[in-house]
Amino acid sequence: LPYPLSRDEIDSSHYPIFHQMEGVKLFSEDLLDGATSQDDRRHIVRSDLQQRLGKMVQVLFGDVEMRWVDAYFPFTEPSLELEIFFQDQWLEVLGCGGKKP
C-alpha cells in the first residue's frame, strides 16, 4: 500500500514529501527448512529480495544500471538499499530487508 510521508530534514538530496510502500512476503517452511544455518536463511531471503525488487525497478525505471548496497535498518536482517544510476549519479530508490526472527 503506497502512502505519502513527509520529513523534517530538507536538503539538496532529500525532497520533503515522498511516497512509501510496504510489502510482505512469507517464505514456506519447506524452503527455509532446507537451510542448514541462519546464514543460509539470510542468503535465501537476500537473493529473493534482490531478484523480485530488481525486476520491479526495471519495470518502473526501464533498463537502468542498478547496484545493491548493504544497509542498516533496526528491524530487518539482512538490510539492503537499491540504487539506480540516474542523471550521472547514484540515486537510492528503495530500502528493504528481511524481518528479524
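The model is predicted, so local features are reported only at pLDDT of at least 70 and side-chain atom pairs only at pLDDT 80 or more, while totals for chains, interfaces and linings use all residues. Residues are numbered from 1 along each chain as its sequence is written, and side-chain values rest on heavy atoms, with hydrogens and water left out.

**Stop 1: helix α2**

Select residues 38-61, which form helix α2. Helices here are DSSP runs of H or I with at least four residues, strands are runs of E with at least two, and both are numbered from the N terminus. Helix α2 has 24 residues and reaches 34 Å from its first C-alpha to its last, close to the 34 Å expected at 1.5 Å a residue. The expected span is 1.5 Å times one less than the number of residues in the helix.

Next, colour the buried positions of the helix. Buried means under 20% relative accessible area, exposed means over 50%, and partly exposed lies in between, with a 1.4 Å probe and protein chains only. In α2, Val45, Asp48, Leu49, Leu53, Gly54 and Val57 are buried. The cover over the buried residues of α2 includes β3, β4 and β5 (89-99).

**Stop 2**

Select Asp48, which lies in helix α2. Is Asp48 buried or exposed? With a relative accessible area of 12%, Asp48 is buried. Apart from its neighbours within four places in sequence, Asp48 is in contact (heavy atoms within 4.5 Å) with Lys25 and Phe27.

Salt bridges deserve attention at this point: each is a side-chain nitrogen of Lys or Arg within 4 Å of a carboxyl oxygen of Asp or Glu. By this rule the count is 6.

**Stop 3**

Display the side chains of Asp39 and Arg42, which form a salt bridge of 2.6 Å, N to O. Asp39 and Arg42 are separated by about one helical turn because they stand 3 residues apart in helix α2. Asp39 is exposed, with a relative accessible area of 54%, whereas Arg42 is partly exposed at 27%.

Move on to Arg46 and Asp70, whose side chains meet in a salt bridge of 2.8 Å, N to O. This pair links distant parts of the chain, with Arg46 in helix α2 and Asp70 in strand β3 (residues 66-70), 24 residues apart. Arg46 counts as partly exposed at 26% relative accessibility, and Asp70 counts as exposed at 56%.

Now select Arg67 and Glu83, which are joined by a salt bridge of 2.5 Å, N to O. Arg67 lies in strand β3 and Glu83 in strand β4 (residues 76-86), so the pair ties together parts that are 16 residues apart in sequence. Arg67 is partly exposed at 35% relative accessibility, while Glu83 counts as buried at 12%.

**Stop 4: the nonpolar patch**

Show the surface of Met21, Met56, Leu60 and Phe61, which make a nonpolar patch of about 410 Å². Patches consist of residues with over 30% relative accessible area and no salt bridge; like charges are joined within 9 Å, and nonpolar side chains (Val, Leu, Ile, Met, Phe, Trp, Tyr) within 5 Å. Accessible areas come from the Shrake-Rupley method with a 1.4 Å probe, and for residues only the protein chains shown count as cover.

Which helix gives the most to the nonpolar patch? Helix α2 does, with 3 residues. Met56 is found in helix α2 and counts as partly exposed at 31% relative accessibility.

**Stop 5: beyond the end of α2**

Select Gly62, which follows α2 and has a positive phi near 85°. Then select Asp63, in the loop between α2 and β3. Asp63 is exposed, with a relative accessible area of 78%. Asp63 and Ile84 are 21 residues apart in sequence and 10.0 Å apart in space, C-alpha to C-alpha.

**Stop 6: the aromatic pair**

The structure holds 1 aromatic pair. Select Phe85 and Trp90, which form this edge-to-face pair, 5.1 Å centre to centre with 65° between the planes. Rings of Phe, Tyr and Trp (its six-membered ring) pair if their centres lie within 6.5 Å; planes under 30 degrees apart count as stacked, over 60 as edge-to-face and the rest as tilted. Phe85 is partly exposed at 35% relative accessibility, and Trp90 is partly exposed with a relative accessible area of 28%.
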